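Please look over the model shown below before reading on.

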Amino acid sequence: MQAMVDQYNKTNPKYKVKNISMKEGDMYTKIPTVVNSGKNIPDLNIVHAERIKQYKDNNMLISYDKYLGDYPEIKASNYVTEAWNIGDLDGKRYSLPLDIHTFQMYYNKDLVKKYAPKALDDNIVTFDEIQAAGEAAKKDKITGLGVTWFKPNFLSLYAQYGGKLTKNGTDVTLDNADGKKTLEKYVAMYKSGITSRDGQDPAQLFQSGKEIFYPEGIWMQNQVKAAKFEWGMINAPQLSSDLSKAVNWSSSHQFVMFKSKDRDAAKTKAIMKFIAWVRTHSQEWAKSGQNPASLAIKDDAAYKKMGQSFLINTPEEQATMKIFDYKYNGFVADSLDKHVGDAIFGKVSIEKTLQTMQKEVQGKIDKDQANKK
């Protein structure tokens with residue numbers, strides 16, 4: 001982002017951009033306090049897509065609607081649909097997308113050739129194919145699948161089973177048949193011995209050539225590049241080989257403007273000019289391992305050679321990317337990361353894990369709802 005800001009400032013705009021980076025947790029903790037104080041509110045913020053609905057409901061955001069008329073190229077057809085749609089709430093535009101970042105899967109080309117030679121033929125690796133490869137590789141002490149970040153692994157499979165995080169837009173739904181099937185799938189693979197073990201580092205296993213499949217974010221590829229073997233990127237593990245049924249957990253960094261009495265019309269115009277510039281100048285963001293949300297990047301020769309570009313290259317692949325835009329996604333994320341591992345590694349029963357997560361998340365939701373009455 002700093003490199004992009006430097007490039008933009010060299011165009012000599014009337015208002016130059018000053019980039020201030022903060023740790024995610026610190027920023028999200030401070031935002032409500034700063035906005036409510038009305039002081040020192042940044043002119044423009046980048047936040048995760050899942051936060052937008054709650055900020056809007058808390059009356060913290062202004063919409064872009066009255067400013068978009070001067071920028072006709074900032075429109076739906078010029079962006080990845082899933083990233084664009086997230087900012088449209090109650091018929092108003094509350095955010096504009098920078099990227100769409102996705103949890104997919106890295107694979108060791110030599111190990112796939114040896115243990116799963118047909119798995120990549122359709123560009124989808126199913127759980128059944130992973131299981132078969134892992135079983136074949138066990139005798140050679142090769143791990144079939146790394147057990148990585150619990151949240152996207154759970155949510156991707158949960159959605160493939162048809163699971164929904166909420167039925168009414170408010171209350172959470174985790175303790176159900178789809179949640180049980182999701183945990184059962186991972187528990188079964190762990191018990192069969194084809195996955196990385198509790199306490200092992202799946203990233204290290206992959207980089208040392210001891211792991212066939214390594215589910216992780218596209219943003220991790222600059223670390224994966226340290227591996228001494230040929231590797232590739234493909235869709236996250238799927239139940240079906242039908243691409244139209246595939247789900248790749250995704251999120252999006254989005255530009256938002258929090259309400260501020262100090263942001264005048266001139267500054268707002270300058271913000272729009274910067275966002276419009278970013279739409280066609282996102283190469284640096286792609287180099288960091290991300291997928292810009294602007295479809296203008298598709299025509300960039302260097303981008304076409306980047307591994308993550310497969311997710312953007314066709315409308316069919318774009319459709320696999322799913323942002324879980326549930327208002328209380330943050331509560332769900334915290335609970336999944338806290339408890340799913342205990343179920344997979346056999347420390348807590350599946351039933352108990354689901355009950356605990358359901359109660360924990362719903363308790364936070366009830367508290368939040370009570371505070372608004």
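Which residue forms a salt bridge with Asp 57? The partner is Lys 327, and the closest N and O atoms of this salt bridge are 3.1 Å apart. Asp 57 lies in helix H3 (residues 49–57) and Lys 327 in the loop between strand S11 (321–323) and helix H15 (329–344), so the contact ties together parts that are 270 residues apart in sequence.

This is a predicted model, in which local features need pLDDT of at least 70 and side-chain atom pairs count only at pLDDT 80 or more, while totals for chains, interfaces and linings use all residues. Residues are numbered from 1 along each chain as its sequence is written, and side-chain values use heavy atoms, with hydrogens and water left out.

**Salt bridges**

A salt bridge here is a side-chain nitrogen of Lys or Arg within 4 Å of a carboxyl oxygen of Asp or Glu, and the structure holds 13 of them. Side chains of opposite charge can pair when their charged atoms come close. Three of the pairs are listed here.

| Pair | N to O distance |
|---|---|
| Asp 57 and Lys 327 | 3.1 Å |
| Lys 114 and Asp 140 | 3.8 Å |
| Glu 360 and Lys 338 | 3.4 Å |

The pair of Lys 114 and Asp 140 links distant parts of the chain, with Lys 114 in helix H5 (residues 109–115) and Asp 140 in the loop between helix H6 (127–137) and strand S6 (143–145), 26 residues apart. In the pair of Glu 360 and Lys 338, Glu 360 lies in helix H16 (residues 350–371) and Lys 338 in helix H15, so parts that are 22 residues apart in sequence are tied together. Helices (H or I, at least four residues) and strands (E, at least two) are DSSP runs, numbered from the N terminus.

For accessibility, buried means under 20% relative accessible area, exposed over 50% and partly exposed in between (1.4 Å probe, protein chains only). Asp 57 is partly exposed at 38%, whereas Lys 327 is buried at 11%. Lys 114 counts as exposed at 56%, and Asp 140 as partly exposed at 34%. Glu 360 is partly exposed at 21%, while Lys 338 is exposed at 52%.

**Aromatic pairs**

Rings of Phe, Tyr and Trp (its six-membered ring) pair if their centres lie within 6.5 Å, and planes under 30 degrees apart count as stacked, over 60 as edge-to-face and the rest as tilted. A search of the whole structure finds 19 aromatic pairs. The rings of Tyr 8 and Phe 274 have centres 5.0 Å apart and planes at 70°, so this pair is edge-to-face. Tyr 8 belongs to helix H1 (residues 2–9) and Phe 274 to helix H11 (residues 265–279), 266 residues apart, and both residues are buried. Trp 149 and Trp 219 have ring centres 6.3 Å apart and planes at 80°, so they too are edge-to-face. Trp 149 is partly exposed at 29% relative accessibility, and Trp 219 is partly exposed at 25%.

**Helix H7**

Helix H7 (residues 150–160) is mostly covered, with eleven of its eleven residues buried; among them are Phe 150, Lys 151 and Tyr 158. Just after H7, Gly 162 takes a positive phi of about 100°.
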